[in-house]
Amino acid sequence: MRTEDRRKFLKVGTLAAAAGLAGKANAQEGKANLDSSNAPDASSPIGNASAEPRIPGGADAVAEIEGFSRFKPSRGNDPESDYYLGKKMPGFRPASAGPAPFEAPDLEKLPWKMVGGAKEFHLVPQAVRREFLPGYYMNVYGYNGSMPGPTIEVTQGDRVRIVVTNELPEDTFTHWHGFELPIQYDGAATLTQNPIKPGKTMVFEFDVHEEGTFFYHSHIPMQEAFGQVGWFIVHPKKVYDPPVDRDFGLIFQNFHIPPTHTVSDSWAMDWNWHTINGRSGPLTTPLVCKHGERVRVRLLDFSPMQHHPIHLHGHTYWETGHEGARTPSSAWVPRNTSLVGVAQATNFEFIANNPGDWIFHCHMVHHMMNHMVHHVGPRMRENSNVDRYQQNTTTRPAVDYSREGQHWDTPGYPQKMQGMERTMPQMETLWNRRESKGMRATYPMAVKGLMTVMRVLPDDLYNLVMESDEPVEKGAVFAEIVRRFGDPSRYEPAPGMMMGMDDGKKM
């Protein structure tokens, strides 16, 4: 970008009004043009506007090698090169620092203590109540109060002891998916062990010689469909080459929960609620990394019966491993979309060289929506909302049976899903997360179902979002990235977002 463009004015957003305004906050982005540097009321750009991408001090890394740049979209000079598309370009974190910490947004890690030479974990299968969306609580099965369960994280060569206490009202089994362990601990229902009765405990103890992306789950199919799964991450003794700076984990699941219900139909053959780490978009917490870092995402499809074509916007990644093991680098595949099958895990690695808020999602159209139901009722009524007759069923809006007018001019119209309006407190739940600071005001409208966001932020904006408590206006971080790396003269701030058809409030 030209220097003169870098100095151009950035003005976005108006902060939500104080909580005392009783929900009348206006979270619409400001209408100022990013290209109006001479405006008399122009505010200063956020962050360090003159900051240039840089290698952190002490990092043994380079900005560009063989035509591939870690700070701007690029390919490289030779597809046969180890550095083509950043294939073996290391991150900033040195191998001597050990593996990057594993992060599964919205999930906890299972604590352990060393007992008799083994890392001892306590795992509790139980019924749990999970908030899929703000205010939408569903009854599912999980572990230790969570669905998915907490992450078990160990190092290759550890001896582990996992004490499983069943708090379900029925028998259960626990399978350690992918581990090569003594047969008596495999957990394959009554083939290898007796059931864990309600209120009873079973102890599993084995040495972990593998390394890689694994998981645990109930080996009763209906309990699997009810959500019983959790990560089991084994870090290698020798850090993978090249080392990564970020190591994220996402578990994709599907549920069939009819309207007005909170309990999934585990016998269903189709699915209308979709979750990532137990949350549906936009309650899925964005993944946030720094510009130039090497990022790994481990993605597990634990859907009952549906595969997921996973697409990352704005970047090309390498498939570096699956649930079996890390793949030799000679067999890595560059992609931007990968099909991940049921009970399969795929590892994606890439250099985050394109700043912005990039959507990361399943590409099946019904998986990019929440709580799909048949198109009936208020969709056929002019200027009507279901809330108007839910409270009083004796008076309902009239239905237009003429099949004339703009709603019927185009065959198949309308196809946009309706409903799912959110209240001000529900919207505040989305915006009060640190990871969402500075995103466009309309971001919650774009992220639904099996969708999340990979945020690639310059150092100063990362610090502002993730390490400071400074207020950030909606859209400010996004617009600042446009100012530095895009075309600010053509940027259009997001319009206000309607909070609900019943009150007309904006967010």
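1. Histidine 308 has valine 340 as its bridge partner in β21. Strand β18 (residues 308–312) and β21 run antiparallel, joined by four bridges. Strands pair if DSSP finds at least two bridges between them. Strands are DSSP runs of E, at least two residues, numbered from the N terminus.

2. A note on the basis. This is a predicted model: local features need pLDDT of at least 70, side-chain atom pairs count only at pLDDT 80 or more, and totals for chains, interfaces and linings use all residues. Residues are numbered from 1 along each chain as its sequence is written, and side-chain values use heavy atoms, with hydrogens and water left out.

3. The loop between β7 (136–143) and β8 (152–155) holds proline 148. A cis peptide bond joins methionine 147 to proline 148, with omega about -5°. Asparagine 144 is in the loop between β7 and β8 too. Its phi is positive, near 50°. Asparagine 144 is partly exposed, at 32% relative accessible area. Buried means under 20%, exposed over 50%, partly exposed in between (1.4 Å probe, protein chains only).

4. The loop between β15 (273–276) and β16 (287–290) holds proline 282. A cis peptide bond joins glycine 281 to proline 282, with omega about 10°. Asparagine 277 is found in the loop between β15 and β16. Phi of asparagine 277 is also positive, near 50°. Is asparagine 277 buried or exposed? Asparagine 277 is buried, at 1% relative accessibility.

5. For context, most residues other than glycine have a negative phi, and most peptide bonds are trans.
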